[in-house]
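Subject: Structure handover

Hello,

Here is the structure I said I would pass on. Please open it alongside this message.

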Amino acid sequence: MIIDALVLAAGKGSRMQSETPKTLVQLLNKPMILHIIDAALKSRMINHAYVVLGYKREMVEAVINHKATCLVQTEQRGTADAVLKAEGAMKSDDVIILLGDMPLITTAIIDHVIEVHRNQKHTLTVLSVDQEDPDGYGRVIRDASNHVVKIVEDRDCTPQQKRITEVNTGVFVVKRDALFEATKQVKPSKKNGEYSITDIVEILGKTSKVGVVRSSDADALSGVNTVSQLLAAELRLKERIVEEHIKNGVNIAPNHVSIGADVFIERGATLLANTRLGGNTSIGKNVVVGPDASVEQSTLHSHVRVIRSVIRHTVLGEHTSVGPFSYVHDHTTIGPYNKIGNFVEMRSTSTGAKVRIGNHVRLLDSTIGSHTSIEEGTLVISDTKTLTHTVIGNHVKIGAHCVIKAGVHIGDGVYVEDGSRIDMDIPSPNGNGTS
Ligand code: UD1
Ligand code: MG
């Protein structure tokens, strides 16, 4: 059974006290809405995701960037009204509804609730969870024989219902036709005029089989409505990601290591204290990062060593070492067995194999061949106006404290003495050019 997912995310999130749509607030530098869409799309039972957007919809749509089909709810009249905006779009026999403010939901939970729904042949399956502090959540009301009867929103609860700790997570798996039929029967709340999707539990319960999956993972299924809930969720997510990597055989120092949700780390890698990995980053076997390092949107092949340095939008070849105190960034590709010293900046530069870059070197917009070495204090000056590219060949030796003008070509096997100023091309002594 492959089904469509529907994420309700049209609200502003007024309780966050911010002009940014709630779904765009970030957890570990990733917008909340993408945590949910990614968890859904990782499920082998979900075919496609739809998202209902409203408040600052263009902004959210740009972030979603075609991962899901965006639908529009112009006026936020409640979650039932939001669901109706998907009627023409969703085609699968069953659908799963998710809320745009549950960033810690996991693919495993999604798979489980869909599976139970299918095996039990329910018309509607509600995912509930026990929250120690159920304040603000809809409560699950059961009858004497423990069957779910309805969900009562926090604002409508009697004092006795307020004490119920089993709450609605907002996740429903439901037969498509029954969903839209029931949703159209939802009446506006007398308290605030909103149409609540939770009312379909009572509506469908009268004629068809409604069941509950009761989860025990309160953290994964918490809603994020306030800034303090956001901070708590981010902290929990951070811990969860680190725990997962430790379980997979990554060695992680106990203090101040932060790993983004989209980071892949091979077993046997080591992250030392104060290391931050973010974006779509991939860390190979036996890599050691840290202490005090930050790696963003980069690939580190096996046996790489990064010490007290910042690596962004970069590929480091196997057995390469960087740092301490270096900055390698902006689409730089370093070959295997390179040694990049300390206080080095490399920007938009590529190197071949076995290159040695001494301390205090600055290389911008350059291509460096294999087996080349550049001694300390040498600068390749960038020309931001003409964006010319500097090329240094294979087996080149450039001495200390040289200044190389942007755009020059230095041929294979050239030897440049300490303190030289190079402002024109130097052909290879063997007759091999680089251009
Ligand atoms: C909702 C549930 C509540 C549940 C809780 C779990 C309803 C009515 N209530 O309450 O039972 O315990 O989540 O966290 O569903 N949205 C729209 N259009 C609207 C209104 C809301 O798309 O007109 C979206 C919001 O952007 C949000 C989601 O629906 O992503 C839930 O809305 P929210 O206001 O956070 O509902 P809660 O009060 O948290
Ligand atoms: Mg909420």
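Below is what was found, from the overall layout down to single residues.

Please keep in mind that this is a predicted model.

Layout

The chain is divided into two parts, domain 1 (3–227) and domain 2 (249–422). Their C-alpha centres are 46 Å apart. Contact between them involves four residues of domain 1 and five residues of domain 2.

The largest nonpolar core has 122 residues. Within this core, the residues that touch the most other members are Val7, Ile96, Ile97, Leu98 and Ile105. Helix 1 (residues 32–41) gives the largest share, seven residues. Both domains take part, with at least three residues drawn from each of domain 1 and domain 2. To look at one of these residues in detail, take Ile105: leaving out residues up to four places away in sequence, Ile105 touches Ile36, Ala39, Leu98, Ile110, Ala220 and Leu221.

Domain 1

The segment before strand 1 holds Ile2. Ile2 has 13 other C-beta atoms within 10 Å and is therefore partly exposed. Asn47 is 45 residues from Ile2 in sequence, yet the two C-alpha atoms are 5.7 Å apart. Asn47 is also one of the contacts of Ile2 beyond four places in sequence, together with Met45 and Ser92.

Helix 4 (residues 107–119) has 13 residues. From first C-alpha to last, helix 4 reaches 18 Å, close to the 18 Å expected at 1.5 Å a residue. Which residues of helix 4 are buried? They are Ile109, Ile110, Val113, Ile114 and His117. These residues lie on the same side of helix 4, because they cover an arc of only 130° around the axis.

Ile141 has Lys150 of strand 9 opposite it. Five residues sit between the strands of this hairpin, and Asn146 takes a positive phi near 75°.

Helix 8

Helix 8 (residues 227–247) has 21 residues, which at 1.5 Å a residue should span 30 Å; the end C-alpha atoms are 30 Å apart, so the two values agree. Its buried residues are Leu230, Ala233, Glu234, Leu237, Ile241 and His245. They cover an arc of only 100° around the axis, and therefore lie on the same side of helix 8. What do these buried residues pack against? Their partners are strand 2 (26–27), strand 12 (251–252), strand 13 and strand 14 (264–265). The face turned away from the buried side carries exposed residues, namely Ser228, Leu231, Leu235, Glu239, Glu243 and Lys247. After helix 8 comes Gly249, with a positive phi near 95°.

One open sheet has 10 strands with parallel pairing, in the order 12-15-18-21-24-27-30-33-36-39. Strand 12 and strand 39 (415–416) are the edge strands, and each pairs on one side only. As an example of the pairing, strand 24 (residues 321–322) and strand 27 (residues 339–340) are joined in the parallel sense over two bridges. In that pair, Val322 stands opposite Ile340 of strand 27.

Another open sheet, also of 10 strands with parallel pairing, runs in the order 13-16-19-22-25-28-31-34-37-40. Here the edges are strand 13 (257–259) and strand 40 (421–422), each pairing on one side only. Strand 22 (residues 310–312) and strand 25 (residues 327–329) pair in the parallel sense over two bridges. The bridge partner of Val310 in strand 25 is Tyr327.

Where does helix 8 come into this picture? The buried residues of helix 8 pack against strand 12 and strand 13, among others. Strand 12 is an edge strand of one sheet, and strand 13 is an edge strand of the other.

Regards

Technical notes: Residues numbered from 1 in each chain as written. Chains lettered and ligands numbered in written order. Predicted model: local features only at pLDDT ≥ 70, side-chain atom pairs only at ≥ 80, totals over all residues. Pairing = 2+ DSSP bridges. Helix = DSSP H or I, 4+ residues; strand = E, 2+ residues; numbered from the N terminus. Expected span 1.5 Å × (residues − 1). Buried ≥ 20, exposed ≤ 12 C-beta atoms within 10 Å, placed from the backbone. Arc of directions from axis to C-beta. Contact = placed C-beta atoms within 7 Å. Core = buried A, V, L, I, M, F, W, Y, C linked by C-beta atoms within 7 Å. Domains from an automatic or database assignment.
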